[in-house]
Amino acid sequence: MYLIESPHTAEECLGALDELLEMGPAVLEQYHFGCLVGVHTGWAIVNAESEAGALEIVPGSLRSKARAVKLNKFTADQIKEAHREMEEVPSKT
């Protein structure tokens, strides 16, 4: 699972929206935008095999500025284990 962040300028906005629409209504449906409040960025969460695969949902004209962040969740046990591991690391002071 990846979080896509696709920033664009106000001048690029309508063109980017047109490109998304051309990719199909299902692609447009996956996005959330901040454009109406002046934050010209689109966000989407997608399942993909790789970062490159995730970025395929971004219009070609914006892909070089976009990023895909691989997401994960933590369980309570994983957090507790991380604390235990930190306690076991000797201090360097």
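These legends go with a few close-up views of the predicted model. Residues are numbered from 1 along each chain as its sequence is written, and side-chain values use heavy atoms, leaving out hydrogens and water. Because the model is predicted, local features need pLDDT of at least 70 and side-chain atom pairs count only at pLDDT 80 or more, while totals for chains, interfaces and linings use all residues.

**View 1. An open sheet with four strands.**
The strands run in the order S2-S3-S1-S4, with antiparallel pairing. (Strands are DSSP runs of E, at least two residues, numbered from the N terminus; two of them pair if DSSP finds at least two bridges between them.) S2 (32-34) and S4 (67-70) each have a single partner strand, so one side of each has no neighbour in the sheet. From one strand to the next, the twist averages 20 degrees (angles run from 0 to 180 degrees between N-to-C directions, with axes fitted to C-alpha atoms).

**View 2. Where S2 meets S3.**
Three bridges join S2 to S3 (residues 39-46) in the antiparallel sense. Look for Gly-34: its bridge partner in S3 is Val-39.

**View 3. Met-1 and its surroundings.**
Met-1 sits in the segment before strand S1 (2-7). Beyond its neighbours within four places in sequence, Met-1 is in contact with residues including Ile-45, Val-69 and Leu-71 (contact means heavy atoms within 4.5 Å). The C-alpha atoms of Met-1 and Ala-48 are separated by 6.2 Å, though the two residues are 47 apart along the chain.
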